[in-house]
Each structure stands twice: as C-alpha cells, then as structure tokens.
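Cover the strands, the nonpolar cores and the charged pairs.

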Amino acid sequence: MMTIDEILKGIEVVSCSGDKNSSVSGIEFDSRKVTAGSLFVAVRGYSSDGHDFIMDAVASGAKAIICENLPELQQKGICWIKTTDSAKALGYAASNFFGNRHPH
C-alpha cells in the first residue's frame, strides 16, 4: 500500500480532486485488471484508448484515476488526477510504487 501523493512524485499534475492521502493497493492500465483500491491510469494506445474504460475501472473499485481528459461525471470518493501525459505518468507511478519501495 502506498499513498496517492507518494505515487504522484515526479508526475506533472494539472489538477487533482479527492483525497491524495488515501492509500492504493496497486496500479493498473488495463481496466479488466482493476480491483478494489487500485489506481487506474488511462493511457492512449494504438488500438484503444484507456479513457474509454475509466467507468469500467470505477465500477471495478478503482480508488484513483490518472488521465489526460477528465470525464464529465466524476464520482465522489475517487481521487481524480489530470496530467498532460498519461503514459509518462504511468512510468513515474510504477517506478514510485514498485521501484522506490522502502523496507518496513
């Protein structure tokens, strides 16, 4: 578990609404792998756009969303983070979450 604020280190945050001090259990860019407590990063790919799957991630229990375009309807209780480059943000988030772990 790591706080959203810790995961955002190095990421260019355009806007953020919600609780950055809450913890997430993991990071996913595939909405089908999102579980309760996950942070979902909506990345534009060659064949699909992760932004099309934000609501699927929310329905699966995502606690936080990093995206380039915020949806019109933003559910309460979720931390919404807007960035200029989701793919770059995913790299930083994964590095912060998986690579820079401090032993307990």
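The report below takes strands, cores, an aromatic pair and salt bridges in turn.

This is a predicted model: local features need pLDDT of at least 70, side-chain atom pairs count only at pLDDT 80 or more, and totals for chains, interfaces and linings use all residues. Residues are numbered from 1 along each chain as its sequence is written, and side-chain values use heavy atoms, with hydrogens and water left out.

**Strand β7**

Helices (H or I, at least four residues) and strands (E, at least two) are DSSP runs, numbered from the N terminus. Strand β7 covers residues 79-83. 4 of its 5 residues are buried, so β7 is largely enclosed by the rest of the structure. Buried means under 20% relative accessible area, exposed over 50%, and partly exposed in between (1.4 Å probe, protein chains only).

Two strands pair if DSSP finds at least two bridges between them. Strand β2 (residues 13-17) runs antiparallel to β7, with 4 bridges. There, C16 stands opposite I81. Strand β6 (residues 64-67) runs parallel to β7, also with 4 bridges. Here A64 has C79 as its bridge partner.

**Nonpolar cores**

A nonpolar core is a set of buried Ala, Val, Leu, Ile, Met, Phe, Trp, Tyr and Cys residues joined through side-chain atoms within 4.5 Å. The largest has 18 residues, and I7, I27, L39 and I66 touch the most other members. Two or more residues each come from α1 (4-7), β5 (38-41), β6, β7 and α3 (86-99). Helix α3 gives the most, with 4 residues. Another core, of 11 residues, lies apart from it; A42, A62, C67 and I78 are among them.

**Aromatic pair**

Rings of Phe, Tyr and Trp (its six-membered ring) pair if their centres lie within 6.5 Å; planes under 30 degrees apart count as stacked, over 60 as edge-to-face and the rest as tilted. The structure holds 1 such pair. F97 is buried at 3% relative accessible area, whereas F98 is exposed at 54%.

**Salt bridges**

A salt bridge is a side-chain nitrogen of Lys or Arg within 4 Å of a carboxyl oxygen of Asp or Glu. The whole structure has 4. Among them are these:

| Pair | N to O distance |
|---|---|
| D30 and R32 | 3.0 Å |
| D49 and R44 | 2.5 Å |
| E68 and R44 | 3.2 Å |

E68 lies in the loop between β6 and β7 and R44 in the loop between β5 and α2 (54-59), so this pair ties together parts 24 residues apart in sequence. Shared partners join R44, D49 and E68 into one network.
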